[in-house]
Amino acid sequence: MKANRIVYGIASCLIFGGLVFSMSHVDTLNASPMASKTEMMTLGKKVYDEYCVTCHQKNGEGTPGVYPPLAKSDFLKKDRKGNIRNLLFGLEGEITVNGKKFNGVMPKVPEKYGDKDIAAVLTYVYNSFGNRGPVVSEKEVATLRAEGPPKAASSSGSKRKKK
Ligand code: HEC
């Protein structure tokens with residue numbers, strides 16, 4: 001009787017401990033492939049406030065005639081892959097955002113920001129400043145990065161580079 005109980009106690013301890021261990025293990029090592037929206041929003045805000053804010057401003061309104069708005073931008077809604085590519089590889093040439101023309105140069109996001117940072121900042125922009133949009137995954141960004149800049153890929157159909 002007593003021995004049975006002890007054995008049972010030890011066994012359940014082991015099982016429970018194993019569960020806790022494996023869960024915490026998954027949490028720490030495997031967090032990135034399936035990052036939650038909350039996690040992406042937090043990271044995205046950090047990247048935005050550190051980098052994008054310089055041009056697009058704290059409230060995403062941009063600067064008239066110079067930096068286009070992200071807030072309620074119709075351009076932003078059009079082409080998800082295009083948006084990712086523009087961050088990865090830069091964007092220049094005339095574009096129209098909410099009926100206003102811009103013809104500036106957005107440099108590509110600096111190398112220190114990885115695929116996850118870019119996915120996160122776009123997720124943040126998609127879901128801030130009055131916008132509502134999807135969560136962008138790190139994998140999506142990695143795939144487009146691997147494909148390289150769009151100009152060689154003739155039929156990408158999104159943004160034609162002028163010149
Ligand atoms: C150095 C200034 C600068 C920085 C920093 C910058 N952008 Fe831009 N961004 C621009 C300019 C200029 C354009 C318009 C380019 C053109 O006219 O073709 C633009 C265009 C865009 C567009 C498409 C137009 C629109 O308003 O919807 C998006 C989306 C965008 N930027 C997001 C971002 C995000 C996100 C970041 C941070 C990761 C960022 N930008 C950082 C200058 C900047």
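Helices α4 (residues 80-89) and α5 (residues 115-126) pack with their axes 11 Å apart and at an angle of about 125°, where axes are lines fitted to C-alpha atoms over the stretch in contact and angles run from 0 to 180 degrees between N-to-C directions. The arrangement of α4 relative to α5 is therefore oblique (angles under 35 degrees count as roughly parallel, over 145 as roughly antiparallel, 65 to 115 as roughly perpendicular and the rest as oblique). The model is predicted, with pLDDT of at least 70 required for local features and 80 or more for side-chain atom pairs, whereas totals for chains, interfaces and linings use all residues. Residues are numbered from 1 along each chain as its sequence is written, and side-chain values use heavy atoms, without hydrogens and water.

On the α4 side, R80, N83, I84, L87 and L88 meet I118, V121, L122 and Y126 of α5 (contact means heavy atoms within 4.5 Å). By class, this contact comprises seven nonpolar residues, one polar and one charged; Ala, Val, Leu, Ile, Met, Phe, Trp, Tyr, Cys and Pro count as nonpolar, Asp, Glu, Lys and Arg as charged, and the others, Gly among them, as polar.

Helix α5 also contains D115. With a relative accessible area of 18%, D115 is buried (under 20%; exposed is over 50% and partly exposed in between, with a 1.4 Å probe and protein chains only). Beyond its neighbours within four places in sequence, D115 is in contact with E138, V141, A142 and R145.

The chain as a whole has six helices and two strands, assigned as DSSP runs (H or I, at least four residues, for helices; E, at least two, for strands) and numbered from the N terminus. Their order along the sequence is α-α-α-α-β-β-α-α. Of the 163 residues, 35% are buried.
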